[in-house]
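Please read this report with the sequence and the structure side by side.

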Amino acid sequence: MRKEITFHQALFGYDAGHHLLAASLNLSADLKHLLAVATDLSGSAPHEGFEVSYTGMPLVGTKYYVLFCTWQASEMPRPGSVWSQVLFIELGDLAQIEDLGYLRRLFRRPNDNNLETYRRPLTVSPQPSDEEEWSREMVFRAAELLQALYETPEQPVVLLAANGLDAERVVFSLWSQQWPKLRRNFRFSTGSFADRGGGNTQFDLQVAPIASRRLWQREGQYSVIDAVGSTPPSSSLNKAFDWMLPVINDLLLPHQTEFREFLSAYGSDVGRPRSAFSNLSRVYNVLNSNPDAYWMDVLELVGAMFPDPADAVTLKEKVINVDSEPRSTDEVERALATASFLLTSPKASPFGNLSMDLSRLAKWLWRAKKNEVLDLLAHLVRQSERPMASSFAAYIAEAADPQDLLIIAGHRPELLPLILGQNPKLALNEDLWRSSSEVQWRAYEVLEGLSLPAQQWCELIGTMRPTTAAITARTLVKKAESLAIRSEEHTSELQSLT
């Protein structure tokens, strides 16, 4: 069963001027004035083609987004009079409505002097609109609008059309596709006879009659699309930007892809929603159409699309974190690429403010990719010290066991100081002291340079004593004597060991 939603409403129209005539909620004087201006005719109306139009905008400072339908009221004594019915949509409800085109069904033009209908809230259960399939012309128009809206997000977009009805469905479909943060900040009108922003508040998208073309041709101020002319060939649709493909597919088959869910999940914390749309779509396209992509390329793409460390944090956390222990080879490779990127890539700075479970990642990688992890650590020790790299090395040392020290000594002996320095207990392995003299002395020198307690030296010397070939008895006796001087508590035990 679909959730019922209650909308407050109001009616504005002519009464010795354009004023509020009826409402189901109390409005302050400032809101009455703001809406009276917004719902009035913008400029001189054409004779036909725009008798009905829709405008949507946030009601700043309130919990509402307002959508209103405007009808030309030629029956009124003042030329240019209009009726405008306003729906007040709570922001939480706006986020939940799947098909915003449904809202058009709720508007009723006044047809008598009985205004009581507009003094009561409307309670409805929004349903998806039952509309015909998209025509080739509509798809092309949508592609033009997508390009203008999201490739040049700083500019207001104006679509010049023969009538508002042709563009209406496309506009509402684009609005429905947006995630909640973008929806509630999106300003549009399907019938503007002059700029509804008035130079103060910029509208994102306005549909205007062809006759008003000159009003919008101020260089650089508007992105103008002329919808009048011959229908473009279908081949031109193939030239659409790569990021548009999932967008158009979703418009044609709403909710049959995961695109809208992706936008809602990862668009919630982007700083500039309209600017972020095409970037989010690019990331979605790579993640879904190219699952075999080298994961470091994906991470670099996300960083390039959202270079500010404070931007798109949810998306960044998603791509760098492994939600559960990798089970497949691909998941392990992805985890390794993530660690390599974050620890070594100069392009990782956009991820600098994020936190991740390095301990868990290090444990998984050490278990599955020991040699590759050692190669990564060898790369890290040649770089300037970074906190994340130091933490990763510490977690690897913690994940390793004494037998692993032989693997380290064999594959990357230069890492012995790093690993033993983090976890000297790894030296409690007799096999280590049976290995080459070079490895033994390297390990011994590392241990000697650490401030280890006497008890730990007791354990280490006990491990070395039965098997050592490279570390001479004289060396161990001297070490034991120096420890005995420092710690009388262990004197007898150390003497017995040597």
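A residue is called buried when its relative accessible area is under 20%, and exposed when that area is over 50%. The model is a predicted one, and the values below are computed from it.

Is Ala 143 buried or exposed? Ala 143, which is found in helix 3 (residues 136–151), has a relative accessible area of 9% and is therefore buried, since this value falls under the 20% cut-off. Leaving aside residues up to four places away in sequence, Ala 143 touches Met 244 and Ile 248. Along the chain, Ala 143 and Leu 245 are 102 residues apart, yet in space their C-alpha atoms are 9.4 Å apart.

Burial can also be followed along a whole element, and helix 18 (residues 454–464) is mostly covered, with eight of its 11 residues buried. Among the buried residues of helix 18 are Trp 457, Leu 460, Ile 461 and Met 464.

The residues that line the second largest cavity include Leu 41, Phe 50, Glu 51, Gly 191, Phe 193 and Arg 196, and the table sorts the lining by class.

| Class of lining residue, second largest cavity | Number of residues |
|---|---|
| Nonpolar | four residues |
| Polar | four residues |

Note on methods
Residues are numbered from 1 along each chain as its sequence is written. This is a predicted model: local features need pLDDT of at least 70, side-chain atom pairs count only at pLDDT 80 or more; totals for chains, interfaces and linings use all residues. Side-chain values use heavy atoms; hydrogens and water are left out. On a 1 Å grid over the protein atoms alone, a cavity is a set of points where a 1.4 Å probe fits but cannot get out, and a pocket is an open set with protein on both sides within 12 Å along at least five of seven lines; lining residues have an atom within 4 Å of a point. Ala, Val, Leu, Ile, Met, Phe, Trp, Tyr, Cys and Pro count as nonpolar, Asp, Glu, Lys and Arg as charged, and the others, Gly among them, as polar. Helices (H or I, at least four residues) and strands (E, at least two) are DSSP runs, numbered from the N terminus. Buried means under 20% relative accessible area, exposed over 50%, partly exposed in between (1.4 Å probe, protein chains only). Contact means heavy atoms within 4.5 Å.
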